[in-house]
Amino acid sequence: DKLLVDFLSFLADYVPTFPDELVDYYAAAAGFQCSDVGVKRLLSVAAQKFVAEIASDAMQYCKMRQGVGGSSSGAKQQRKMVLSHDDLVSALKEYGVEMRRPEYFADTSSAG
Amino acid sequence: MGGGSSGGSSSRDEFGRIVAKMAVAQICESVGFHSIQASAMETLADVAIRYLRDLARAAHFYSNLAARIESNAFDLIMAMEDVGPAPPAADPSRPIARSSALREVMRFVEYSEEIPFARPLPRFPVAKKRLAAPSFAQLGEAPPGSHIPSWLPALPDPHTYRHTPVWPDRKREPAANRLEQARQRRKAESSLVALHSRLSSTASMVFKDREKENSGSEENGSGSGSGNAFLAPPLAAGAKELMVVQFGGFKDGGGGENAGVVPQVPSIVEAFASVVESASNGNGDGGLEIQDGGGGNENGLALVEQSQPQPQPQQKKGELLESNRSQRVVLSFDFGGKAGSKGVFAKRILAASKQQQQQQQQLLKRQRSSVANAEDDKDERKKRAEQIITQGMDTMAAS
């Protein structure tokens, strides 16, 4: 319990990436009502952790795709790490979020 | 899952969505990505929002389950355990503070850097402050009806729901009005003068023709044709209708000046009256009337020019006026010519060849005389115009 209390007070000073106003908005949309700032920050931090995990997994996939090779590919890696949609889909799959994206959209004459 | 995951009003959600996108991009940057695909960013932002909402919803459910409306940390931790991966050993006796989910989060916070959001944010959504309608008591009004308490908002003002006519706001001083009147009078007078001059010029032309007509009509009254072939005896009733057609042509030629003054009514009435005249068989009355009309015409013209009504001429003028109104003088005057032209057209249509030829000859002659007829028609119209002019001038003089 003490741990929890300490942690919550710690969070009161911590600034999470998701701003408080955003969290308040979505929490209110869900019906979440809390007067304690620490609890809200805890929520925000949990979401941040979630996203960070997904991003790191996607990074792994990206590195795998680029391949570990010679200096040129190494340079490429360092130069340009782009989170692509495919990497994200693979990463999300592990978390139970299944996504499928169409190859191309032919809704306008200019596209596709 | 994907773009449409956030149900409800996406338009209201827009701001939150954009902010989430920014936060997600910051997180990706901290992980090590240089850039991110747009679709990937949107997807990740959607996932993050969904996660946030689900967590909050689950925490809310847990607090409700415990008969509370306000959630606390335990509710949230339990929600985190629900959402996150299952703990290796789900032990209900284990205190919640030692939950794996919480520990993971704590670990995360410890090890990861603090990434504050890039921009300051206002509190949103911003609710517009609506000005409340003032109550009866605030306005100091007494509510209509004793059943309405005074602390209720006041009833709207009657001008908001009652439709009243709008009068054009013409603020004109009386002096401006008088000036305007004088200007209009001057305009009317100038136009009348112009018309009058035109009439007098043509009137002098018609005088000679009129005298010819008079002689011709007298002869008609006496019943003998003296070389004016167009003064033939009246014809059958069927021919009358055609008269209207031809007369229309004359009217256009003759009534050009006075077309504006005299409407088309005279032609129709003239046609009908000519029918009447022909029915009465063109007796001496017509001739007499013609004479009178002729005399009256001359007098009438003279009268108008002088604009000095004398008793006798005035009587004649009165006769003229009356006759013009009754159309009798006009019709009898033109009787001969009209009858002749009527006859021409009737016989044409009835298709008697010899008669046609004769009639054609007569027609030619009548056409020659029709000019005079036209001028006679002109005269009639001029008379009418002059009547109107004099009336107008009288009113002008009076006002």
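Helices here are DSSP runs of H or I at least four residues long, numbered from the N terminus. With that in hand, here are some close-ups of a predicted model.

View 1. Most residues other than glycine have a negative phi. A67(B) is not a glycine, yet its phi is positive. You'll find A67(B) in the loop between α2 and α3 (73-83) of chain B. Is A67(B) buried or exposed? With a relative accessible area of 71%, A67(B) is exposed, because anything over 50% counts that way.

**View 2. Helix α2 of chain B, end to end.** This helix covers residues 38-65 of chain B, 28 residues in total. From its first C-alpha to its last, α2(B) reaches 40 Å, close to the 40 Å expected at 1.5 Å a residue.

**View 3. Where a helix of chain A meets a helix of chain B.** Two packed helices are described by the angle between their axes and the distance between the axes. Here the pair is α3 (residues 37-66) of chain A and α4 (residues 100-111) of chain B, whose axes come within 10 Å and cross at roughly 80 degrees. So α3(A) is roughly perpendicular to α4(B). On the chain A side, look for L42(A), V45(A), A46(A), Q48(A), K49(A), A52(A) and E53(A). Facing them from α4(B) are L102(B), E104(B), V105(B), F108(B) and V109(B). Taken together, the residues of this contact are eight nonpolar, one polar and three charged.

View 4. S56(A) sits in helix α3 of chain A. Its relative accessible area is 28%, so S56(A) is partly exposed. How far apart are the C-alpha atoms of S56(A) and A91(A)? They are separated by 8.7 Å, with the two residues 35 apart along the chain.

**View 5. Two cysteines, one from each chain.** C62(A) has a relative accessible area of 4%, so it is buried. C28(B) is buried too, at 2% relative accessibility. A disulfide is a covalent bond between the sulfur atoms of two cysteines. How many disulfides does a search of the whole structure find? Zero, over all chains.

**View 6. Chain B, zoomed out.** Chain B has 14 helices and one strand. Of its 399 residues, 38% are buried. Among contacts in chain B with a separation of 6 or more, 65% are between residues 24 or more positions apart.

Note on methods. Residues are numbered from 1 along each chain as its sequence is written. Chains are lettered from A and ligands numbered from 1 in the order in which they are written. This is a predicted model: local features need pLDDT of at least 70, side-chain atom pairs count only at pLDDT 80 or more; totals for chains, interfaces and linings use all residues. Side-chain values use heavy atoms; hydrogens and water are left out. A disulfide is a pair of cysteine sulfur atoms within 2.5 Å. Buried means under 20% relative accessible area, exposed over 50%, partly exposed in between (1.4 Å probe, protein chains only). Axes are lines fitted to C-alpha atoms, for helices over the stretch in contact, and angles run from 0 to 180 degrees between N-to-C directions. Helices (H or I, at least four residues) and strands (E, at least two) are DSSP runs, numbered from the N terminus. Angles under 35 degrees count as roughly parallel, over 145 as roughly antiparallel, 65 to 115 as roughly perpendicular and the rest as oblique. Contact means heavy atoms within 4.5 Å. Ala, Val, Leu, Ile, Met, Phe, Trp, Tyr, Cys and Pro count as nonpolar, Asp, Glu, Lys and Arg as charged, and the others, Gly among them, as polar. The expected span of a helix is 1.5 Å times one less than its number of residues.
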